[in-house]
Amino acid sequence: MSELDPRPTALLVMEERRRGDVYPPEVLRDLDELVRWSAPPRTREHLAQDPDVLADVEILLTGWGPPRLDATLLSRAPKLRAVLVAAGSVRPLTTPEFWAREIPIVSAASANAIPVAEFALAQILLALKQAHRIAREIRAGRRYPHDPPVAGGYRSRVGLFGLGAIGRLVAAHLRNFDVHVLACDPVADPAGLGVRLVELPELFATCSVVSLHAPLLPETEGLVNGELLDLLEPGGTLINTARGALVDEPSLVDVLRRRTDLTAVLDVTWPEPPAPDSPLFTLPNVVLTAHVAGALGGERARMGELVVDELRRLVAGEALRHAVPAERAHIMA
């Protein structure tokens with residue numbers, strides 16, 4: 001800040017390709033009223049070539065392609081007092097050195113959760129009708145099935161693995177339908193969600209559809225395996241909009257080859273995209289959707305708007321609503 005212009009000094013650093021979606025003109029106009037820019041927007045590569053631009057920066061705004069907040073960057077930004085991320089996870093950019101500075105960091109994960117939950121809901125409803133399975137059988141047999149056995153959307157069981165921001169939003173959406181929702185989450189409080197907590201094997205064994213919303217942690221990596229998938233009832237569906245590495249792919253593939261009645265809707269994979277020779281490309285009961293569940297195009301502006309709202313609170317000296325607590329950052333997706 002200066003005596004002539006009390007607005008804090010800010011810098012926007014993110015990849016250029018998505019910048020216009022996240023920070024469209026109307027969002028930038030709001031930001032212009034709240035901050036004064038130390039320099040035009042940078043990519044992290046450009047920032048690495050000219051780190052001195054950080055010298056007077058108080059507010060760092062970012063999104064996709066953020067800079068890593070390591071000791072080197074922090075040493076160049078002695079006045080930094082807040083980081084606002086118009087994207088989901090802050091894990092890729094935070095470091096122990098950053099947390100030691102006790103600088104608040106805002107995540108727009110709750111804004112990104114909205115389209116992911118909408119996509120998951122759409123796939124859950126399709127799965128309850130076994131739409132993907134029936135469509136592939138029609139294509140293969142060139143005939144319509146007669147009264148195919150499907151769970152349908154009335155009093156069926158839907159399983160959610162993970163009750164973070166996205167899982168909770170999916171559960172809230174499902175309250176508008178006549179389904180029973182079960183969930184597995186060792187740390188979540190299900191109060192008010194209308195869900196029943198169960199262990200993971202029961203989730204797969206008793207639900208027509210299981211949708212994954214857990215964070216990727218050492219204890220969850222590869223946790224969803226073929227043994228669990230094989231517990232699904234005939235015509236069951238697995239949906240993954242979380243992280244590809246939650247799934248033990250080789251064992252999943254083995255079960256999908258044997259049980260052609262099952263369907264796996266994989267919006268995320270590991271690696272992403274799959275290797276060119278991956279059986280995920282050729283298995284008829286695998287639906288790959290190329291990570292489209294998260295915010296795309298104009299949906300991304302919702303995250304920029306969240307950043308503007310948080311910046312207004314910061315400038316006004318009010319409490320931030322979307323700051324990530326240091327003690328929870330490591331378990332957030």
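A: Let's begin with the names of the elements: helices (H or I, at least four residues) and strands (E, at least two) are DSSP runs, numbered from the N terminus. The model is predicted, so local features need pLDDT of at least 70 and side-chain atom pairs count only at pLDDT 80 or more, while totals for chains, interfaces and linings use all residues. Residues are numbered from 1 along each chain as its sequence is written, and side-chain values use heavy atoms, with hydrogens and water left out.

Our spot is the loop that runs between β11 (263-266) and β12 (286-288), where D267 has its place.

Is D267 buried or exposed? D267 is buried, a word used for under 20% relative accessible area, with exposed meaning over 50% and partly exposed in between (1.4 Å probe, protein chains only). Yet D267 has no salt bridge, a term for a side-chain nitrogen of Lys or Arg within 4 Å of a carboxyl oxygen of Asp or Glu. The nearest side chain of opposite charge, R243, is 8.6 Å away from D267 (Lys and Arg count as positive, Asp and Glu as negative; His and the chain ends are not counted).

What does the side chain of D267 make a polar contact with? Its partner is the side chain of T289, at 2.6 Å. A polar contact here is a pair of N or O atoms within 3.5 Å; within protein, one must be able to donate a hydrogen and the other to accept it, and residues adjacent in sequence count only if both atoms are side-chain atoms. A polar atom of the D267 side chain also lies 2.8 Å from the backbone nitrogen of V292. Leaving out residues up to four places away in sequence, D267 touches several others, including F119, N240, T241, E272, H291 and A293 (contact means heavy atoms within 4.5 Å).

A290 is one of the residues that D267 touches. The place of A290 is in the loop between β12 and α12 (301-315). Phi of A290 is near 60°, a positive value in a residue other than glycine. With a relative accessible area of 68%, A290 is exposed. Q130 is found in the loop between α6 (109-128) and α7 (131-141).

Finally, let's follow α12 to a charged pair. R312 forms a salt bridge with D30, with the closest N and O atoms 3.8 Å apart. R312 lies in helix α12 and D30 in helix α2 (residues 25-34), so this pair ties together parts that are 282 residues apart in sequence. R312 is partly exposed, at 38% relative accessible area, and D30 is partly exposed at 27%. The structure has 17 salt bridges by this rule, and D230, R258, R259 and D261 are linked in a network of salt bridges.
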